[in-house]
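Have a look at the sequence and the structure first, and then read on.

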Amino acid sequence: MKKIISLLLSAAMLLPVTVGLDLTAFAATSGDYEYTVSNGTAEITGYTGLETELTIPSTIDGYTVTSIGEDAFYNCTGL
């Protein structure tokens, strides 16, 4: 009985720690764009293409693009 109570108390203490975590975050690639998804929206984190002009897509793979990462176009000298 003590083990069960101990296990339940341990689980109850860990619950608040995991509530704020987004366990669905991931990184992916679509065409020439690298992006991350967090909270159901995409952030462009990189570009590997050779275009000289770009139009940032409003969606990537069905996720709404809401931001562009700080260094997303860092090595894109031709843009």
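## How the chain folds

Among contacts in the protein chain (heavy atoms within 4.5 Å) between residues at least 6 apart in sequence, 37% join residues at least 24 apart. Before going further, keep in mind that this is a predicted model, where local features need pLDDT of at least 70 and side-chain atom pairs count only at pLDDT 80 or more, while totals for chains, interfaces and linings use all residues. Residues are numbered from 1 along each chain as its sequence is written, and side-chain values use heavy atoms, with hydrogens and water left out.

The protein chain has one helix and five strands; these are DSSP runs numbered from the N terminus, with helices (H or I) of at least four residues and strands (E) of at least two. Reading from the N terminus, the order is α-β-β-β-β-β.

## The sheet

Two strands pair if DSSP finds at least two bridges between them. β1 and β2 pair in the antiparallel sense, over five bridges, and threonine 29 stands opposite glutamate 34 in β2.

## Inside and outside

Of the 79 residues in the protein chain, 16% are buried. Here, buried means under 20% relative accessible area, exposed means over 50%, and partly exposed is in between (1.4 Å probe, protein chains only). The chain exposes about 6,100 Å², and carbon and sulfur atoms supply 59% of that; such areas come from the Shrake-Rupley method with a 1.4 Å probe, and for residues only the protein chains shown count as cover.

The largest nonpolar core has ten residues, including Tyr33, Tyr35, Ile44 and Tyr47. The elements that give two or more residues to this core are β2 (33-38) and β3 (41-47). A nonpolar core is a set of buried Ala, Val, Leu, Ile, Met, Phe, Trp, Tyr and Cys residues joined through side-chain atoms within 4.5 Å.

The structure holds three aromatic pairs. Rings of Phe, Tyr and Trp (its six-membered ring) pair if their centres lie within 6.5 Å; planes under 30 degrees apart count as stacked, over 60 as edge-to-face and the rest as tilted. Here are two of the pairs:

| Pair | Distance of centres | Angle of planes | Kind |
|---|---|---|---|
| Phe26 and Tyr63 | 5.9 Å | 70 degrees | edge-to-face |
| Tyr33 and Tyr47 | 5.3 Å | 55 degrees | tilted |

Phe26 lies in β1 and Tyr63 in β5 (residues 63-68), so this pair ties together parts that are 37 residues apart in sequence. Phe26 counts as partly exposed because its relative accessibility is 34%, and Tyr63 is also partly exposed, at 26%.

Tyr33 is in β2 and Tyr47 in β3, so their pair ties together parts 14 residues apart in sequence. Are these two buried or exposed? Tyr33 is buried, at 13% relative accessibility, and Tyr47 is buried too, at 9%. Ring pairs link Tyr33, Tyr47 and Phe73 into a cluster.

Aspartate 71 is found in the segment after β5. With 53% relative accessibility, Asp71 counts as exposed. The C-alpha atoms of Asp71 and Gly46 are separated by 7.3 Å, although the two residues are 25 apart along the chain.
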